[in-house]
Amino acid sequence: MAGAAGPGTGPGAAGGDGDDSLYPIAVLIDELRNEDVQLRLNSIKKLSTIALALGVERTRTELLPFLTDTIYDEDEVLLALAEQLGNFTGLVGGPDFAHCLLPPLESLATVEETVVRDKAVESLRQISQEHTPVALEAHFVPLVKRLASGDWFTSRTSACGLFSVCYPRASNAVKAEIRQHFRSLCSDDTPMVRRAAASKLGEFAKVLELDSVKSEIVPLFTNLASDEQDSVRLLAVEACVSIAQLLSQEDLEALVMPTLRQAAEDKSWRVRYMVADKFSELQKAVGPKITLNDLIPAFQNLLKDCEAEVRAAAAHKVKELCENLPAEGRETIIMNQILPFIKELVSDTNQHVKSALASVIMGLSTILGKENTIEHLLPLFLAQLKDECPEVRLNIISNLDCVNEVIGIRQLSQSLLPAIVELAEDAKWRVRLAIIEYMPLLAGQLGMEFFDEKLNSLCMAWLVDHVYAIREAATNNLMKLVQKFGTEWAQNTIVPKVLVMANDPNYLHRMTTLFCINVLSEACGQEITTKQMLPIVLKMAGDQVANVRFNVAKSLQKIGPILDTDALQEEVKPVLQKLGQDEDMDVKYFAQEAISAVAQRLRKLDCSAKASEEPSARGADKNHFLRPRGPGEDTGKGPAHQLHGNTRDTLAQLEIAELVHFSQSGD
Amino acid sequence: MPYKLKKEKEPPKLAKGTAKPSSSGKDGGGENADEPQPQPQPQPQPPSSNKRPSNSTPPPTQLSKIKYSGGPQIVKKERRQSSSRFNLSKNRELQKLPALKDSPTQEREELFIQKLRQCCVLFDFVSDPLSDLKFKEVKRAGLNEMVEYITHSRDVVTEAIYPEAVTMFSVNLFRTLPPSSNPTGAEFDPEEDEPTLEAAWPHLQLVYEFFLRFLESPDFQPNIAKKYIDQKFVLALLDLFDSEDPRERDFLKTILHRIYGKFLGLRAYIRRQINHIFYRFIYETEHHNGIAELLEILGSIINGFALPLKEEHKMFLIRVLLPLHKVKSLSVYHPQLAYCVVQFLEKESSLTEPVIVGLLKFWPKTHSPKEVMFLNELEEILDVIEPSEFSKVMEPLFRQLAKCVSSPHFQVAERALYYWNNEYIMSLISDNAARVLPIMFPALYRNSKSHWNKTIHGLIYNALKLFMEMNQKLFDDCTQQYKAEKQKGRFRMKEREEMWQKIEELARLNPQYPMFRAPPPLPPVYSMETETPTAEDIQLLKRTVETEAVQMLKDIKKEKVLLRRKSELPQDVYTIKALEAHKRAEEFLTASQEAL
């Protein structure tokens, strides 16, 4: 196939003397020798192209051996190679030849860099599926065994990830061998290998026969769960979830639970943390009966653990735990066995614990119903709303919707308001930012009247915050509020206040007016925009601060689409043209941008009438937009500006002027 | 940049030019004089004709990594202290026992044991620091007394004491370390953040002190102790090295060093476990507080390795020490790491090639402070390199240096150009000029015009001048070649595109082509440069080189201390004081001689 191409006409530098068939590999070899990593990386990423050029047979016989033998490169290049090879089956002749890909991947699976190894294992897993059962036993399983008994820990860790993919399709004799290899890795001398084995234990258990799980996996699990290194023990907790799903209740009680109980009281907080973190999964895996007998008491201990990390992880799981309890008797269990511990956590010494709790506690109200919520949870919510840590308060406020459904927000509003006000004025701007983001939600739940009365002034105050991010968020907030409460409300309450700021002595506040107009114009519609906002924007074109002026240009470009032809022609265009001759180069630049945008808009409005004029004009416009703005342009000299002065009248002239302007200043 | 700070106190880096014939002595040779060398030289360095002696002790880890003059000092509301869960003893009421020195000699052993057992009671220092004040004082006084007793009395370390002393140590110290707590919210950054101190330190310090004196007692017999100080004990001890409290790590370092020295049977095990810690640090967590201390111990171990080196030790260098260069918090332990590497090379120069190849492999791509550290270490290596080894690695080496010289980060370029002040390196270059110059010249020439930083210009002219003086003819050839190469460069790029084009065409003929849609064509690699030098340029270059380089030589000596901190975090006075108050058990670790 490759021979179809005639002798190369290009430089034969890489190809060797006329032997065109070697050409692709020779190019690759040459490229991989280059000093520049980026070039080598690019070549490897084009490996499939080379394989296609070679055809399947020569890919197998020439390209792959070359890659296996010679590749020693930066990890980045190896990573790309490992990834490529995972999708290479088609290029070597389909599943029958998939095993050809194993040698290079095998050596990649032994390199030191974890990322490369992991990618090689991922590719190997992918390829294993494409093997026929015979090929799997003939080629893949031996590879796994070689890796599993490698000298260096890297190959043994890589092997751990390959057992579960080849086990299900192997014959019984081979299965026994595979299990044997896995067993020895679980008791490897190197903790790295034991960790790798422990992390794959659950996955491996899932593909094993139930008998083997009981007779082999469980002892391995027990051993790993009592390893001398806590980093191994905590991985066993993860495996516990998968193993528990496979066993019957009795086996579970006898084989797994003793170990799990022990893990929940491990002397290392990392292991206990893991139990807390996986609690919902464990709960589902062991079923309701064991949950009630064993897990609930364990959970209580985790909630009062001496390490805050563990308490916080457990607190995060409170809602899920309660949700997953069997509906029957759930309320009693929560009320008697969980709630007392939650009450303690509300006044925990650690703020992370409190804020973890605050992020889920509101969810309990749906589970417990209206009465319990009012009687038991509400006092906790109120206490958290007054917490000294802003994050706790914020978490409560951000989850108000759960409570709203159950008891209505009115119950809380008395306490809510001071909390919101305090967060709104918090010294940390990130806290202020967070509360702003919940404003639209709060507004929806509290209603327009309440909002106008209590919160509106806050929203306006944010507009003059000294941090830009807050002012920006505040403007977006206004837009969302208008979407919620409608244009009439906007016209009466927001727009006047925003427009007043146009006369503020601080130019930052004047700019805020423009930013508000940018986002509000669309929500408010044409009428308000034209009648109320546009005059203000146009007036600000005469501002003495250049930043305000070029923002006027930007705003005009933004609101252009909302305005009608008359407003654009009669009011916007003259102002923009004036700005187009501003002494400040930025103002000029943005004015030009706006002029062409407005011009386009006008053409669109006009297009039904004069469709024939368009094509040439559009070309001109496009050029304009594509043109990057280099430094030092528009220095204020040259005849271009005079041209602007002479061509105010028609749109066509305006466009010609631009062409002239740019052709002149471009050279 | 902590490295620079450490540099000031560190024993002189392989003092320049004490043995080399071509040495410049630019450091005035005085560096050695003001360094404390309290311990006797353990062993004469293996004689070597042209290698300079390096330090016999590894550079000690700094107790506080932060320079305390920078940020505002404040007393924080919460003390930066934490403690892991000690299983508090139920009965914490301690009876004050009679003093050892006041009791009859025959009862002393019994009383000593009683006191040791009493000290196994653990107290709460975190949640309620004021609890059990009276009993805490009993324990403190007891520990203090025992420290005195074991230091000054002879024949008190009797056989019955060993299990009791080890148990007391284990009960007090072996614990799961608490989660790292950083008040600023982000993950603890070993390079920047203040450590959280151990709250129970008033007791722990004395326990450590006692145990150290116990190990160092002239009566101490490893043969009896090895029943109690076993692999399990060592493993638990090693776990503690992750402690955030530098004072604790300092004690641990000395204790482990003593154990390594006294228990020959544990040596291989200790080395293996340290390796596991390093692997985990490099490949899994990138987080461990005690790497510098562990390397310091290893430095003293390597120092004592017998020759020829065992294969195991060489593997350690290649598979552990070199990959340690890749971790992002390298600055925390780099002086100790560099010390270990140079120790190896001094022992066996044939390791130079794999080491330099390794360094080049892990060379930082974006982290410029780290790149400066690499350049520091490389210079230390070049200081001790054999000329035969140099010629093996010089090509890849100078290709990297050419990149460093061209670095837009002026500290990197500057550090690389300082190599031209090292006369030994210059003599090596001079001996191999025909191969080195063609690699370096383009980078120097290009940046003599285009680098943004003035200081770099001067240094580059200096380097070019040295090259010119080295071999005028070669210099001219390089200039000519540079011109020719530049013109060829563009042609080659076109050639490459055509090559790929052709392969793409071949690939299209394959029916599978649509299934393996090749990635979109990659953007060509553009060269930033536009001009090619003319003959006049070269004349001009030569003239400028002369003038600029002379001027530069004057300024070159004033090496400024480059200091960069990510942010000015407020520092806690308490932590500063606590760290300053800590007295090291030993300033330098001595070499542990390998058993033959």
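With which residue does Arg261(A) form a salt bridge? The partner is Asp294(A), and the closest N and O atoms of the two residues are 2.4 Å apart. The legends below describe this pair and other views of a predicted model.

**Figure 1. Salt bridge between Arg261(A) and Asp294(A) in the predicted model.** The pair links distant parts of the chain, 33 residues apart. Arg261(A) belongs to helix α15 (residues 249-264) of chain A, and Asp294(A) belongs to helix α17 (residues 279-303) of chain A. The two partners are listed here with their accessibility. Arg261(A) is partly exposed, at a relative accessible area of 34%. Asp294(A), by contrast, is buried, at a relative accessible area of 13%.

**Figure 2. Salt bridge between Arg393(A) and Glu422(A).** The closest N and O atoms of this pair are 3.5 Å apart. Because Arg393(A) is located in helix α23 (residues 390-398) of chain A and Glu422(A) in helix α25 (residues 410-424) of chain A, the pair ties together parts that are 29 residues apart in sequence. Arg393(A) has a relative accessible area of 4% and is therefore classed as buried.

**Figure 3. Salt bridge between Asp582(A) and Arg549(A).** The side chains of the two residues meet at 2.8 Å, N to O. Asp582(A) occupies the loop between α33 (565-579) and α34 (585-606) of chain A, whereas Arg549(A) sits in helix α32 (residues 546-559) of chain A, so the contact ties together parts that are 33 residues apart in sequence.

**Figure 4. Network formed by Arg179(A), Arg183(A) and Glu216(A).** Salt bridges with shared partners join these residues into one network. Over all chains, a search of the whole structure finds 55 salt bridges.

Figure 5. The size of an interface is often given as the accessible area lost when the parts come together. Here, chain B and chain A bury about 4700 Å² between them, with 60% of that area on carbon and sulfur atoms. The contact involves 58 residues from chain A and 40 residues from chain B. The rule finds 5 salt bridges across the interface. Across the interface of the two chains, 9 residue pairs are in polar contact.

**Figure 6. The side of chain B that touches chain A, with α9 (267-285) and α20 (472-508) of chain B.** These are the elements that give two or more residues to this side. The largest share, 10 residues, comes from α20(B). By class, the side has 20 nonpolar, 14 charged and 6 polar residues. Chain B as a whole has 22 helices and 4 strands, and buried residues make up 57% of its 596 residues. Among the contacts in chain B with a separation of 6 or more, 82% are between residues 24 or more positions apart.

**Figure 7. Residues 99-282 of chain A, an annotated span.** In an unreviewed entry, UniProt places the feature "domain: Phosphatase 2A Regulatory Subunit A helical" at these residues. The span is 78% helix and 0% strand, and its end C-alpha atoms lie 39 Å apart.

Conventions: Residues numbered from 1 in each chain as written. Chains lettered and ligands numbered in written order. Predicted model: local features only at pLDDT ≥ 70, side-chain atom pairs only at ≥ 80, totals over all residues. Heavy atoms only, no water. UniProt positions renumbered as here; feature names shortened; annotations may be inferred. Contact = heavy atoms within 4.5 Å. Buried area = accessible area lost by both parts, 1.4 Å probe. Salt bridge = Lys/Arg side-chain N within 4 Å of Asp/Glu carboxyl O. Polar contact = N/O pair within 3.5 Å; in protein donor to acceptor, adjacent residues only side chain to side chain. Nonpolar A, V, L, I, M, F, W, Y, C, P; charged D, E, K, R; others polar. Buried < 20%, exposed > 50% of the residue type's maximum accessible area, 1.4 Å probe, protein only.
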